[in-house]
Amino acid sequence: MKFKHAFDGLISALKEKAVITQVVLAIMAIIGGVIIKLDNYEWLAFIICIVGVISLEIMNSVVEKLCDLYSTEHNEKIKIIKDMASAAVLVFAVGALVVCVICTLRRF
């Protein structure tokens, strides 16, 4: 039964614009990986990065929704919370980009 709740959550997450954007970027990264013929270790790094970014984006959406439940009015403390959650996604996404660049540049 717990898996049903997880899949329901995944379906809900896939309705979020930010999550959809990350999924589209992940598909593009996978296509790029196929084109440049990543080796097994590079695929492992790509998959970890993709799953990490999408998971953090889902958690960022959760934080935003929880904050909005508390208050939809401007609140500086809530802004900081939302900004920090977004920063977590940014930090991981930059790391993922570095992995992508390293895997790509080594072929040239």
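This is a predicted model: local features need pLDDT of at least 70, side-chain atom pairs count only at pLDDT 80 or more; totals for chains, interfaces and linings use all residues.
Residues are numbered from 1 along each chain as its sequence is written. Local features need pLDDT of at least 70 and side-chain atom pairs count only at pLDDT 80 or more, while totals for chains, interfaces and linings use all residues; side-chain values use heavy atoms, without hydrogens or water.

Start by selecting L25, A26, A29, A96 and L97. Of the 15 residues lining the largest pocket, these are the closest to its centre. A pocket here is an open set of points on a 1 Å grid over the protein atoms alone, where a 1.4 Å probe fits, with protein on both sides within 12 Å along at least five of seven lines; lining residues have an atom within 4 Å of a point. The volume, the space filled by probe spheres set on the points, is about 340 Å³.

Next, colour helix 2 (17-36), helix 3 (40-70) and helix 4 (76-105), the elements that each give two or more residues to that lining. Helices are DSSP runs (H or I, at least four residues), numbered from the N terminus.

Move to C103. The nearest cysteine sulfur, that of C100, is 7.2 Å away, and the structure holds zero disulfides (cysteine sulfur pairs within 2.5 Å). C103 is buried (under 20% relative accessible area) at 7%.

Finish in helix 3 with W43 and F46, three residues apart. Their ring centres lie 6.1 Å apart (cut-off: within 6.5 Å) and their planes are at 75°, so the pair is edge-to-face (over 60 degrees). F46 is buried at 6% relative accessibility.

Terms used
Buried means under 20% relative accessible area, exposed over 50%, partly exposed in between (1.4 Å probe, protein chains only). Rings of Phe, Tyr and Trp (its six-membered ring) pair if their centres lie within 6.5 Å; planes under 30 degrees apart count as stacked, over 60 as edge-to-face and the rest as tilted.
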